[in-house]
Amino acid sequence: MTSQSSEFDVIRVVLGSPHVVGGAEEELRAGLAERPRRIPHRYGYDATGSALFEEITRLPAYYPPRSERRLLRAHADEMAVLSGAVELVDLGAGTAEKSEILASAMDAHGLLRAYTGVDVSPGPMAAAAHRFAVRWPAARITTVHGDFATALPWLQGRGTGRLMVMLGGTFGCLAPPERADFLRALRSCCGPRDHVLLCLDLYDPVDTVRRAYEAGCAGERPVRRMFALNTLAHLNSAYGADFDPACFEPTVVYDVPLRQVRGEIRSTARQRVTVARLAMTIDLVEDEMLLHDVIQKFELRDLVGELASFGFRCRRHWVEEEFRCAALLLS
Ligand SMILES: C[S@@+](CC[C@H](N)C(=O)[O-])C[C@H]1O[C@@H](n2cnc3c(N)ncnc32)[C@H](O)[C@@H]1O
């Protein structure tokens, strides 16, 4: 289902049903059938998950948002001018707090005509869109409540001279098959005058990475642990699953050779879980891991090669020196 409405000068588009947007079901079915079983990244984000993610970004040890903000503040002008883009398309918009730095630079150079946010979790994006509509009343502001798989074909041909951005480490959170699907769909969506800006994390010192992802796993308010368990609660409400969070234990592993931080949820008992809406039954043995977060730390040269194989050319890149967040401008 596609519906469109306009309120407070924001055009709102919903792709799919409001309950399970986009082409989510097959992706979840395939992930749960993999070994180890994998819950796609998007299920971290319902209203509760988005709020917990915001809390994680404020943990002092969690360096990526600080590094990215610093990078954008230093180079947003250059990014705006080099792309010459008149529309900012924010893929996985969230609160769009850092996207606002880019929108602001585009506006300062007289470029900003439109902002389009895309997200499976509509709440924070709606608040951001309202903020943008107030700040830039002449710009066309649109929110697309949908997943990348559905939104990118929808965006194809709907505009030109766009800067398609993916911030907040979202790109690194796409597991390799999701990343390939995403890049293919993004390439098809982009016209000759569009640019892409990807922000991501380069390989970091092991201790810093471990500290960043172990923060919030325990203590008075273990927000990373809550975020992990909320993924199961999200599947219960969206798919009629019967995960009992009390029978699962989240852990975080930094796999140094693979440059992957993996958020895993361990089944503490042998148990059967039913996912009613998928008519699927999962038998878990004691200690079996469900992968709910795979966060890739990239090697710049490998990534540029990977992007080229999908038809993207890196025009310029920037790296924040202390925590090594990188931004790649692609055409
Ligand atoms: C890591 S957060 C980043 C949020 C924001 N861009 C930032 O910089 O803080 C990832 C965002 O992408 C959204 N998201 C995750 N998977 C998605 C998918 N498949 N399609 C659309 N949005 C998705 C989440 O709801 C979340 O808001």
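**Ligand site and helix packing: exercises**

A backbone N or O atom of G168 lies 3.3 Å from an oxygen atom of the ligand. On its own the ligand exposes 600 Å², and the protein buries 95% of that (Shrake-Rupley areas, 1.4 Å probe). This is a predicted model: local features need pLDDT of at least 70, side-chain atom pairs pLDDT 80 or more, while totals for chains, interfaces and linings use all residues. Residues are numbered from 1 along each chain as its sequence is written, and side-chain values use heavy atoms, without hydrogens and water.

**Exercise 1.** Describe the shell around the ligand.

*Solution.* Count residues with a heavy atom within 4 Å. There are 17, and the closest are Y45, G92, K98, D119 and F148. Sort them by class: six are nonpolar, seven polar and four charged. Gly counts as polar here, Tyr and Phe as nonpolar.

**Exercise 2.** How are helix 6 and helix 7 oriented to each other?

*Solution.* Locate helix 6 at residues 148-155 and helix 7 at residues 176-189. Their axes are 8 Å apart, at an angle of about 15°. Angles under 35 degrees count as roughly parallel. Helix 6 and helix 7 are therefore roughly parallel.

Methods
Polar contact = N/O pair within 3.5 Å; in protein donor to acceptor, adjacent residues only side chain to side chain. Axes fitted to C-alpha atoms, helices over the stretch in contact; angles between N-to-C directions. Helix = DSSP H or I, 4+ residues; strand = E, 2+ residues; numbered from the N terminus. Parallel < 35°, antiparallel > 145°, perpendicular 65-115°, else oblique.
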